Amino acid sequence: MRVPDSLTVVSNRQPYRHEYDTEAETNGNAETEPDAETGADTAAISVDEPTGGLTAGLDPVLQETSGTWIAWGDGDADFDVTDARDCVGVPPEEECYTLRRIDLSDDAVDAYYRGFSNRVLWPLCHGFAELVEERDDDFEWYRTVNATFADAVAEHASSDSVVWLQDYHFALAPRMIRESIPSSATVAQFWHIPWPSPATFEYCPEGKQVLEGLLGNDLLGFHVERYADAFLDCVRRYLPDAAVDRERRTVHYKGHTTRAVGTPMGVDADSYDQRARTADADRLHALFERYDIPQNVTLGLGVDRLDYTKGIPERLTALERFFEGNPGWRGEFTFVQKATPSRTEIPAYARHGDLVRSEVDRINRRFGTDDWQPIVYTEDILPADDLCALYRHADLLIVSSLCDGMNLVAQEYVAASVDGDGTLLLSDRTGAHERLSENAISINPTAVEEFADRIEDALTLSPQDRARRMDALRKTIFENDIDSWMETQFEWLSRVHDGHWTAPNSQSGTDDAESGANSESDSDSGSHERTSLV
Ligand code: GDG
């Protein structure tokens, strides 16, 4: 893997969090000595370590490069262990790289994170323009927080730096960074959520500033190419001075060239596979006891953040229709819905949580009996081993998102289906669908009758068909895991940093930066064959 020599990662969430913990002294991660530099009593401080997803994937890379990670310090002991520059060496026992923490006031977090990020950009990018909620000052705070992160990047950057920002919390920072670090350094970003059509983006109150901010990047990554195309469509519509080259997916604006790419993210397939294999019968038995799941039922599963984009009410309606039309499955099939509450201070999330809970109650009252409930619902956060035990045992998993950048749960389920006998029902509105549609059962989450029929199809697949599909899905997931994604990212970053635009694995070798930058053409080739996002 071609990892840049000087890498700076910027994300909202940090890889390590220091917390005061009264039980820390009995916990292996506890720091028990007073800090020599700050003098703080760290006897009762424990450290949370990265446990999954991108953070866990990037941490070893940063450890190898001795780079810098800049993130919001949200742990209550975070600033009692940092030095005068708000830096701390991590991982705690080895101190291989620098974690620079940004101290944000409650007002800043409320406006930047729970405000512009999650009341404007999140609903907008998922096509829920009607849920966009504009509050006074949220955007100004968003700008201020982006500027704070950009200043921190400038303090750490050198002429050879590669700065890699994560996600929609930092739409304005790339331009600020671009203007304050040497031009030989590279600025890149990965946008983990979808990008909307121009018709939806029109509802973005500060849309022009968002686009201009993102065009400070040299490289802007999305999960799938249609999001990159939608981004280019928005630039063309709302920044008429920008030269957009659809073929090369480049934008030349104010003397700078940005390239937009689609690179679908994978999961740590080996780790889900291993955890599922080691999930013993006792663990599963305890889970069934805890949640009152009868032994020997056919098991369906949903695992989501409690978010209106995940299509949970639509899934419940389809299940209701399924039980209505297939009374023989009552008592034989139980659906476990694990929903993790998220962003609960935002009214749209609070309303959505109430709706989901009341729908579960209603359906259970309608079909439930003394010894069987059709839906087992929990908001508990499960340890990864429990989650993998459920993944392995579930006969089917439903992902019914109304719009989803990628969806990792679908991929985790496949990786943990070590017995090869599970079935994935996957919404055609997820990024993951592009890769998995052939061997998953595709669903349109809003077509209730069809959706209910697909549940029936999944339950009645022949064992051979089920095994063949899962086998093919597993090959795809293992070949395109998080390591392979990371390798593609660093390949792109290195090429952009070295001034070569050629796509990784491209045979042509003709697609260089200058030809994109100077192109006056506004080529639209290929745009009509791609579907609009929302
Ligand atoms: C965003 C984009 C994109 C959930 N409950 C528990 C638990 N989880 C874990 C899952 C999975 C993660 O949370 C959810 O990831 P998703 O990808 O499904 O969805 P978002 O949170 O919306 O993620 C999405 C992703 O960013 C990455 O770019 O794919 O499209 O929306 O990893 O396993 N994990 C544990 N216990 C739980 O109770 N341990």
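View A. A polar backbone atom of Asn407 lies 2.9 Å from an oxygen atom of the ligand. A polar contact is a pair of N or O atoms within 3.5 Å; within protein, one must be able to donate a hydrogen and the other to accept it, and residues adjacent in sequence count only if both atoms are side-chain atoms. A nitrogen atom of the ligand is 2.7 Å from a backbone N or O atom of Leu382. Lys310 places a polar side-chain atom 2.9 Å from an oxygen atom of the ligand. The ligand taken alone exposes 730 Å², and the protein buries 81% of that. Accessible areas come from the Shrake-Rupley method with a 1.4 Å probe; for residues, only the protein chains shown count as cover.

Residues are numbered from 1 along each chain as its sequence is written. Because the model is predicted, local features need pLDDT of at least 70 and side-chain atom pairs count only at pLDDT 80 or more, while totals for chains, interfaces and linings use all residues; side-chain values use heavy atoms, with hydrogens and water left out.

**View B. The shell of residues around the ligand.** Of its 22 residues, His192, Leu382, Asp404, Leu408 and Glu412 come nearest; a residue is near a molecule or strand if one of its heavy atoms lies within 4 Å of it. The shell divides into 11 nonpolar, 5 polar and 6 charged residues. Here Ala, Val, Leu, Ile, Met, Phe, Trp, Tyr, Cys and Pro count as nonpolar, Asp, Glu, Lys and Arg as charged, and the others, Gly among them, as polar.

**View C. An open sheet of 6 strands with parallel pairing.** The order is β15-β14-β13-β16-β17-β18. Strands (E, at least two residues) and helices (H or I, at least four) are DSSP runs, numbered from the N terminus, and two strands pair if DSSP finds at least two bridges between them. β15 (375-378) and β18 (441-443) stand at the edges, each with a single partner strand, so one side of each has no neighbour in the sheet. β14 and β15 pair in the parallel sense over 4 bridges, and Thr378 in β15 is the bridge partner of Lys338. Helix α12 packs on the sheet, touching β13, β14 and β16 (396-399), and its direction makes about 135 degrees with that of β13. Contact means heavy atoms within 4.5 Å; axes are lines fitted to C-alpha atoms, for helices over the stretch in contact, and angles run from 0 to 180 degrees between N-to-C directions.

**View D. An open sheet of 10 strands with mixed pairing.** The strands follow the order β5-β6-β4-β1-β7-β8-β9-β12-β11-β10. β5 (87-90) and β10 (243-245) are the edge strands, each with a single partner, so one side of each is left without a neighbour in the sheet. The twist averages 20 degrees from one strand to the next. β11 (residues 250-253) and β12 (residues 256-262) pair in the antiparallel sense over 4 bridges, with Val251 opposite Thr258 in β12. Helix α4 (residues 173-180) lies across β7 (162-166), β8 (186-190), β11 and β12, at about 170 degrees to β8.
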